[in-house]
Amino acid sequence: MNIIILGAGRVGESVAESLVSEKNDITVIDTSPQRLAELQDRLDLRGVTGNGIQPSVLEAAGARDADMLIACAPLDETNLVVCKVAHEVFGIPTTIARIRSPEFPDGGALMARTGFAVDHVICPEESLTSYIRKLIEYPEALQVLEFADGAVSLIAVRAVSGGPMVRHVISELPQLVPGVEMRFVAIYRTDELGQDHQVVCDGTTRIEPGDEVFVLAATRDIRRVLDALRRRDEPVRRVMIAGGGKVGLRLAREIEGECRVKVIEASAPRCEYLTTQLKTESLVLQGDSTDEELLEEENVQDTDLFLSLTSDDEDNIMACLLAKRMGARRVLALINRRAYADLVQGTQIDIALSPAQTVIGELLAHVRRGDVEAVYSLRRGAAEALEAVAHGDRRSSKVVGRRIDELPLPAGAQIGAIVRTVQGAEAPPRVIIPHHDTVIESDDHVIVFLPRKRMVREVEKLFQVGATFLF
């Protein structure tokens, strides 16, 4: 697939890195020759220097042969205009724009072909806020991802001594958690040298304290799954947010009705603006989130969740480490650099969240071949989980009408759940945790876990429908 990416910033760079690894032909447009040179030294892509809204620059980037344009420039206005030019002048089939303003919703009239011609809108702030909201709802989890309109969830959780399933083998699950079907798709364990490695998941695998466990289950059963792996945490009631930027403000607005919120912001003018946007019950403080005296005065030790959401990775790491040392129950750091995120994950910082990774999953769903509904990057992009829809019949599809053990899945890939619509009934979709003899039907939503990203192409081809197919 020929893809043009406008903007070589953090999001654009992460998107390019992810797509290049899957053998796409990528061209990146940016106004900075230095930034493009650094990208080209590291990745197999082409760089074009210039203003992407100019037709001559798009022409030089190969717009006439492009299948998709992804606009990730810093300004909403630039992204909107380049999508319009790409459609009107070059007829690029698919356009995706990163838009921060809520005034331009996905699917709105302004986004139509007669408007700015944006097929899909990606909002990083909205993605991050939704991600964090799930962690507030399930405070024991490291990650909560939904599939099939929320019918199925994939959760990542760190097993803790005392959980009913900890120190037991997976085959004992039906006795330990009766009435709940779940599928362990991956377990990552830290060895004596501090290195993470994946543990094979089968009936004889024993869950050990400290394991990072990925489990698929019906969303209605997620609470019981978490309770089986660790003691239930107290609900999140007190939240302290370091950084009153776009993400911090959006999150504070959404949770201030259910949590006591304190926002720490260094800029005095920004603090004044925050006070006009939040309810009087929320407290806005001007100061440095790495100031020990300030955190002590504001009783950080009583905080259920401390979030450092500034634009500075180092400040976020230091603020979280300090808050944790002073007694905050749980801390989350927003970290842009992947090397930093890998370094701090699993230390005193409970969750290291990469903004680019939350956006990449949404983008990848539009890039995938076959009928792929959702794609999520796991473990900072090392693994993936995707939701594919099975179409056709046994002649035209490689999966429909076949048992799970008949499918030529890559080694290590697992089908963790199937969501099936009950025909002719108003009942909710049926969630199936499949076994080896489960047969896939047409229109099933199939959730597949992939331990390595390079397996994606094989799975995509598996779900593509041909005119006729027999094996």
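**View 1. Phe214, a buried ring in a predicted model**. Phe214 has a relative accessible area of 1%, so Phe214 counts as buried (buried is under 20% relative accessible area, exposed over 50%, partly exposed in between, with a 1.4 Å probe and protein chains only). Tyr188 is buried too, at 9% relative accessibility. This is a predicted model, where local features need pLDDT of at least 70, side-chain atom pairs count only at pLDDT 80 or more, and totals for chains, interfaces and linings use all residues. Residues are numbered from 1 along each chain as its sequence is written, and side-chain values use heavy atoms, leaving out hydrogens and water.

**View 2. Aromatic pairs**. Searching the whole structure turns up four aromatic pairs (rings of Phe, Tyr and Trp, the last by its six-membered ring, with centres within 6.5 Å; planes under 30 degrees apart are stacked, over 60 edge-to-face, the rest tilted). Phe104 and Phe116 have ring centres 6.3 Å apart and planes at 75°, so they sit edge-to-face. Both are in the loop between strand E5 (94–98) and strand E6 (120–122), twelve residues apart (strands, E, are DSSP runs of at least two residues, helices, H or I, of at least four, numbered from the N terminus). Phe116 is partly exposed, at 26% relative accessibility. Tyr188 and Phe214 are edge-to-face as well, at 5.9 Å centre to centre with 80° between the planes. Tyr188 belongs to strand E9 (residues 182–190) and Phe214 to strand E11 (residues 212–218), so this pair ties together parts 26 residues apart in sequence.

**View 3. The largest pocket**. Its volume is about 1200 Å³ (on a 1 Å grid over the protein atoms alone, a pocket is an open set of points with protein on both sides within 12 Å along at least five of seven lines, a cavity is a set where a 1.4 Å probe fits but cannot get out, and lining residues have an atom within 4 Å of a point; points are joined across faces, edges and corners, and the volume is the space filled by probe spheres set on them). Of its 50 lining residues, Ser127, Leu145, Thr358, Glu362 and Tyr376 lie nearest the centre.

**View 4. The largest cavity**. The largest cavity holds about 40 Å³ of space. Leu135, Ile136, Pro139, Val236, Asp304, Leu305, Arg329 and Arg330 form its lining.
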